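Please open the model in a viewer and keep the selection panel at hand.

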Amino acid sequence: MRSLLTERNRIITIANQKGGVGKTTTAINLATALAAIGERVLIVDLDPQGNASTGLGIRRVDRKLSSYELMVGSHSIAEVVLDTVVPNLSIIPSTMDLLGVEMEISQHADRVFRLRKALSSPDALMYNYVLVDCPPSFNLLTMNAMAAAHSVLVPLQCEFFALEGLSQLLETVDQVRRSVNPTLDIQGIVLTMFDSRNNLAQQVVNDVRTHLGEKVYHTLIPRNVRVSEAPSYGKPAILYDLKCAGSQAYLQLASEVIQRERQRKAA
């Protein structure tokens with residue numbers, strides 16, 4: 001069974017059940033880097049905390065409509081999407097209303113496919129890439145994101161329990177593949193918060209690459225103060241400080257993502 005989604009754009013879910021791994025930071029800065037090289041990019045903020053929206057300068061007072069309305073089916077992408085400070089980058093913002101989505105749609109037969117249906121509309125074809133930022137848990141929102149996506153990109157913090165959490169996430173992807181989205185693939189593993197002074201961090205990198213090989217991106221996202229500061233100014237790190245190590249790493253990551261997409265299409 002093929003995915004119902006068109007291949008004229010690429011829908012990538014950014015997910016990890018563990019919090020604090022740089023998931024939203026990766027979503028924001030990867031999207032910005034892709035937009036900077038001319039791709040039209042949409043972020044769908046599916047985390048009720050709304051950090052991706054805040055990190056792109058979308059004030060809560062301006063979030064009149066959000067991904068909640070998209071999920072319950074009351075509004076279309078064109079009606080809920082907002083421009084950001086980044087040219088070529090738009091966002092469907094999040095609000096705390098998302099906390100009520102599961103109760104709202106749980107009794108519907110298509111509850112797992114709400115986002116897939118929304119992203120199958122002509123509005124989504126305006127974008128080359130759609131990045132879905134998930135909450136740090138496996139719930140109906142994350143399930144919708146994986147059911148809608150062509151692939152999953154996994155940010156993984158370079159810490160002791162990284163491999164344990166990764167194995168759980170890979171099992172989740174397998175479950176989604178078997179049940180609702182047979183073409184779902186792992187886009188890649190992004191190693192985040194890397195500290196070259198920490199021997200344990202290097203050991204984690206080696207272990208993950210030993211287990212997953214080419215699925216792991218070559219780019220390492222370093223711990224970087226400027227990247228951490230940027231969201232408080234409502235900007236991606238790439239706009240806040242282009243020359244910092246974190247921004248340069250996300251530009252390299254975007255290049256790798258594009259290269260892998262070209263290889264996939266050529267295969």
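**Cavities, sheet and a helix pair**

The lining of the largest cavity comprises five nonpolar, three polar and two charged residues, where Ala, Val, Leu, Ile, Met, Phe, Trp, Tyr, Cys and Pro count as nonpolar, Asp, Glu, Lys and Arg as charged, and the others, Gly among them, as polar. The model is predicted: local features need pLDDT of at least 70 and side-chain atom pairs pLDDT 80 or more, whereas totals for chains, interfaces and linings use all residues. Residues are numbered from 1 along each chain as its sequence is written, and side-chain values use heavy atoms, without hydrogens and water.

To display this lining, select Asn16, Lys18, Val21, Leu156, Gln157, Glu159, Phe161, Ala162, Gly165 and Leu166. A cavity is a set of points on a 1 Å grid over the protein atoms alone where a 1.4 Å probe fits but cannot get out, and lining residues have an atom within 4 Å of a point. The largest cavity holds about 50 Å³ of space, a volume being the space filled by probe spheres set on grid points that are joined across faces, edges and corners. Helix α8 (162-179) gives the most to this lining, with three residues; helices (H or I, at least four residues) and strands (E, at least two) are DSSP runs, numbered from the N terminus.

Next, select Thr25, Ile28, Asn29, Val227, Ala230, Pro231, Lys235, Pro236 and Ala237, which line the second largest cavity. Its volume is about 40 Å³. Helix α1 supplies the largest share of that lining, three residues.

Now select α1 (residues 23-36) together with α12 (residues 245-266): their axes lie 8 Å apart at an angle of about 70°. Axes are lines fitted to C-alpha atoms, for helices over the stretch in contact, and angles run from 0 to 180 degrees between N-to-C directions. The two helices are therefore roughly perpendicular, a term for angles of 65 to 115 degrees. By class, the contact has nine nonpolar, three polar and no charged residues.

Finally, display the strands. Eight of them form an open sheet with mixed pairing, in the order β3-β4-β2-β5-β1-β6-β7-β8; two strands pair if DSSP finds at least two bridges between them. The edge strands are β3 (82-83) and β8 (216-222). β3 pairs with β4 (residues 89-92) in the antiparallel sense over two bridges, and Asp83 stands opposite Ser90.

Conventions. Angles under 35 degrees count as roughly parallel, over 145 as roughly antiparallel, 65 to 115 as roughly perpendicular and the rest as oblique. On a 1 Å grid over the protein atoms alone, a cavity is a set of points where a 1.4 Å probe fits but cannot get out, and a pocket is an open set with protein on both sides within 12 Å along at least five of seven lines; lining residues have an atom within 4 Å of a point.
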